[in-house]
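Visitor: Please take one residue of this structure and look at it closely. Then show me what else stands out.

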Amino acid sequence: MIDAILAGLKGLAEGSLALDGGSLVMIAIAGVMFYLAIAKDVEPLLLLPIAFGCLLSNLPLSELMHSGGVLKTMYDFGIGNELFPLLIFVGIGSMTDFTPLLANPKLLLFGAAGQLGIFATLLLALALGFPKESAVAVATIGACDGPTVIYVSNLFAGLGKIDTAMVGALAVAAYSYMALVPIIQPPIMRLLTTEKERAVKMPPSSGKVSRAALIAFPLVVTVITGIVAPKGLPLMGMVMLGNFMKVTGSVSRLCKASENEIANIATLFLGLAIGGTMVAKDFLALNTLLVFGLGLFAIVIDTVGGVLLGKLWYLLSGGKMNPLIGAAGISAYPMAARLVQTEGQRWNKQNFLLMHAMGANTGGQIGSVMAAAIMLSVLKGLGLI
Amino acid sequence: MSNLTFGLTLLLVGMGGTLLTLWLLTLLIRGLTALLPPPKPGPDTKNP
């Protein structure tokens, strides 16, 4: 009898005996993510499930990420095959209004300049000794777009070219820096521009685009992506599918489901499963710290690229372009555009840059997905995927 | 392929390809909006 009681007690003590330093650190990291999501409102929709997944997989003797465990099942069901990021992309497309971009298409070029961080980070990561595939995965943080980062990094993880734990680190870094855009960008915008440039008043955009043009636009972008960068067609195709449903106005139920129920369910499962990959033995490594450092570098260079193109435009247009608009050429939508509006009004109360910045910002969304698509196709050409 | 060659290839083809494709898209958007312009506002019916 006593032996049975002791054996039972031993079973209860197994969890606490198995708790090690690494698990405690990861639980503390989950706590920090909970704090950021709940108290600081840092991307709570994704950071909170990621933190909970991290907590669940790091509790002693946790089997949730083992074969048959609930987190592993979610991972295999929707991340291993890229389904969840793509479902989120349908939602993003159905939430995006491309009217300001179509009214002023040249703003799309800011969406290209805003991807400079991807390629600069790639070079830096390679110089720091990252293997090629890991360097590409880290560089995609410069797309400033969480689902793109998860899609690309998981593609490499599926091919066994990068560690699965790295997908978690990359996702957390990408979403954290996206949320920190209002803190990261303004000092760079002020550093690179003069007060005169920041005060440039832009004429109001007409904002008038026909419904037919809005309907044709997602089809044109899908076809162009399919021809130029077929490896990235799943990414762009899903964004444009969501937008096509929105602008036609004939499938409002599907559109609402895409931007609400489907995107929410995919976000919850994706967050939990990504958090589940953050196990101590793989996550607590020097590479994780480097990933966070390189991610910050990527977002900084994105902003520099956009603002410098804005300055060039300012010079070529005889002072008619406000270079701050270049900072909106990233994928953080609509946060980056609102930031440009706030910053522009700080220097000229009469200035309303929002519509122009929205155009650059939606250009940044297309640019980030296009850059990832082109990069994947180039990698295929080089025989790396 | 060395890391330097790989990085520079992606920088040139990747960034260059992104710029070129988006520039091509701006031309296509211009074509689209010219081909499918917004309807002109009708005559003001409030005034006789």
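Guide: First, a definition: buried means under 20% relative accessible area, exposed means over 50%, and partly exposed lies in between, with a 1.4 Å probe and protein chains only. N58(A) counts as buried because its relative accessibility is 4%. This is a predicted model, where local features need pLDDT of at least 70, side-chain atom pairs count only at pLDDT 80 or more, and totals for chains, interfaces and linings use all residues. Residues are numbered from 1 along each chain as its sequence is written, chains are lettered from A and ligands numbered from 1 in the order in which they are written, and side-chain values use heavy atoms, leaving out hydrogens and water.

N58(A) sits in helix α3, residues 44-58 of chain A. Helices are DSSP runs of H or I with at least four residues, numbered from the N terminus. A polar atom of the N58(A) side chain lies 2.7 Å from the backbone oxygen of C54(A). Contact means heavy atoms within 4.5 Å. Beyond neighbours within four places in sequence, N58(A) contacts S23(A), M26(A), I27(A), M278(A), V279(A) and A280(A).

Now compare K349(A). This residue is in the loop between α19 (335-347) and α20 of chain A. K349(A) is exposed, because its relative accessible area is 64%. Its C-alpha atom is 8.7 Å from that of A199(A), 150 residues apart along the chain.

Last, I366(A). Leaving out residues up to four places away in sequence, I366(A) touches F98(A), L101(A), L108(A), F217(A), M236(A), M240(A), L22(B) and L25(B).

Technical notes
Helix = DSSP H or I, 4+ residues; strand = E, 2+ residues; numbered from the N terminus. Polar contact = N/O pair within 3.5 Å; in protein donor to acceptor, adjacent residues only side chain to side chain.
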